[in-house]
Amino acid sequence: MEEDRVAELKEIARQVRIDILKMLAKAGSGHTGGSLSAVEIVTALYFAKMRHNPERPDWEERDRFVLSKGHGVPVLYAVLGRCGYFDRKHFETLRQLGSLLQGHPYSGLTPGIEVSTGSLGQGLSQANGIALATRLNRKDCRVYVLLGDGESQEGLIWEAAMTSAHYKIDHLCAITDNNGLQIDGPVSKVMAVEPIARKWEAFGWHVLEVDGHRFEEILAALDCAENTKGRPTMIVAHTVKGKGVSFMENQVKYHGTVPTPQELELALKELQV
Amino acid sequence: MVEMLGTREMYGDTLVELGSENEDIVVLDSDLSSSTRTSKFGERFPERFFNMGVSEQDMIDTAAGLAASGKIPFASTFAIFATGRAWEMIRQSVCYPKNNVKIVATHGGITVGPDGASHQCMEDIALMRVLPNMTVIVPADAHEARAAIRFAAKNRGPFYIRLARDKFPVLYSPDLDFELGRARVQRVGREATIIAAGLMVHEALKAIDLLEGQGLRVGLINMSSIKPLDRQAVLDAARTTGAIVTAEEHSILGGLGSAVAEVLAEECPTPMRRIGVRDLFGTSGEPQALLAHYGLTAQEIARAVGEVIGLKTGGENR
Ligand SMILES: Cc1ncc(C[n+]2csc(CCOP(=O)(O)OP(=O)(O)O)c2C)c(N)n1
Ligand SMILES: [Mg+2]
């Protein structure tokens, strides 16, 4: 049963990777590496954890997902499209004039996008605000937010980290896509954020560490977060930037470049299309 | 004796009023709640009051999240920290997605006084005015402040309301109505019109008395709604009096004076002068001394009016 479920999620993840690569190649610009590193995380949330209804994106009781590392939006579009928030034919229009799919998440336009991001560092505070509102409204919903490891260099992340702990926002679960790379190189060389788990612990968070590409671990951590009361949970997900395409894995270069037609062909072959 | 009333005192009281009328009103502050008077709301509705500590960026983005889930957040701190420190949060998370966040900042302008340049905000109107979807209001007295705050609570979208540290003379009655984008024509002029906001409305009134003594009838517009600007009121004043002076407790760059100049330059070129802080930082001092030091006085306004009248060519510019 559990095995079937994981096999199913793996297949969805494979499809999501294909959609990401195709939409980015078509768009001609965008962020490949950080979209691929988060595929299992976002897939697990939308297909196995969150309570949500693609037919009613504004359903009050829904769980919320905030993509704080907004440049990774192709993974979110791929997942939202697959859930049915909008027609997948929109993938082809990514980043074009008049498209439903803006270069970075825009809540004013795209069904399923909760928060407008793209300017790094701003998602966790907004997730806190959403969580405080749902608490005041006595709605039983959970709020998830995905951060980048490079993004965690922003001071605002740590202001927000204090807020979540201070207000005991235990229906909030943050996940760090700890892929070790940012634009200018390895996070450890540009501006070290390790020991990241201990930092969050010191800020009063319940911290879990997982392999961010293993559904069993991600789902177990998400369940554990849900059962943790009195403080927020941070899941540090160890991931590989560019995951799933051998020549993109751990390559700084694929942060903000997209596959050429030849690369796309190779990549799709690896993903067994 | 003129009655004096604080715009920030009125803010605190109005929040309490709004809080009991509407459960969705929530208030955030960044460790200045005793100064901004949001503490009044905090005492009355502790579960709906969030002190964020000294973290203005976090305050604005948290407010954005609250608004995204249907709350009506009022976020307050001093004008420079609200609009300067957190500018990009206001841009990305409040204005771009049109979140229903009300930023009410106190301690706008030079009259912050002895705290000096670090705390005297002469740039907030410029910083807020340039943002799409933002509404910018500078009330001229406490009753107008209350009306504007109540208006903001009832109308969706991002608002910036600038209040002052010092009390203002009372100009209006407590039952004043606020209408967005509608200037208050305090007095119709003949030779020139002063367009002012906030504290400078009061200096302009004194300037008008001075000019009356010289046989000049000068008009006055309280342009509390700086964005959207009442373009028609500006044009009417320009066409009927042919000379305009703006007066604001703000830099002459990017604020009310600039907004008026933009309208006039495009639609009705008219001799004009701007009274404001002339591209300078503030300095410590008592408010009255600072106003004199930076030329934000009735005398300076009157002098500028004399100058623009002198610039009028070929008589009335009808
Ligand atoms: C405030 C801000 N500064 C700079 C950028 C440009 N930028 C986009 S992605 C990125 C690096 C992010 O690294 P990380 O958070 O590790 O993302 P990931 O590796 O998951 O792609 C930067 C600097 C931005 N979007 N926002
Ligand atoms: Mg990274």
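Predicted model: local features only at pLDDT ≥ 70, side-chain atom pairs only at ≥ 80, totals over all residues.
Reader: Why are helix α1 and helix α10 of chain A called roughly antiparallel?

Author: The axes of α1 (residues 2–27) and α10 (residues 261–270) of chain A come within 10 Å and cross at roughly 175 degrees. Angles over 145 degrees count as roughly antiparallel, and therefore α1(A) is described as roughly antiparallel to α10(A).

Reader: How do you know that the peptide bond from E194(A) to P195(A) is cis, and where does P195(A) lie?

Author: Omega for the bond from E194(A) to P195(A) is near 0 degrees, and P195(A) lies in the loop between α7 (187–191) and α8 (196–202) of chain A. In chain B, the bond from K227(B) to P228(B) is also cis, with omega near 0 degrees, and P228(B) has its place in the loop between β12 (225–227) and α10 (231–241).

Reader: Why is R95(A) called partly exposed, and what is the value of its phi?

Author: The relative accessible area of R95(A) is 32%, which falls between the limits of 20% and 50%, so R95(A) is partly exposed. Phi of R95(A) is near 70 degrees, a positive value in a residue other than glycine. In chain B, R37(B) has a positive phi near 75 degrees, and R37(B) is found in the loop between α2 (33–36) and α3 (39–44).

Definitions and conventions: Residues numbered from 1 in each chain as written. Chains lettered and ligands numbered in written order. Heavy atoms only, no water. Axes fitted to C-alpha atoms, helices over the stretch in contact; angles between N-to-C directions. Helix = DSSP H or I, 4+ residues; strand = E, 2+ residues; numbered from the N terminus. Parallel < 35°, antiparallel > 145°, perpendicular 65-115°, else oblique. Buried < 20%, exposed > 50% of the residue type's maximum accessible area, 1.4 Å probe, protein only.
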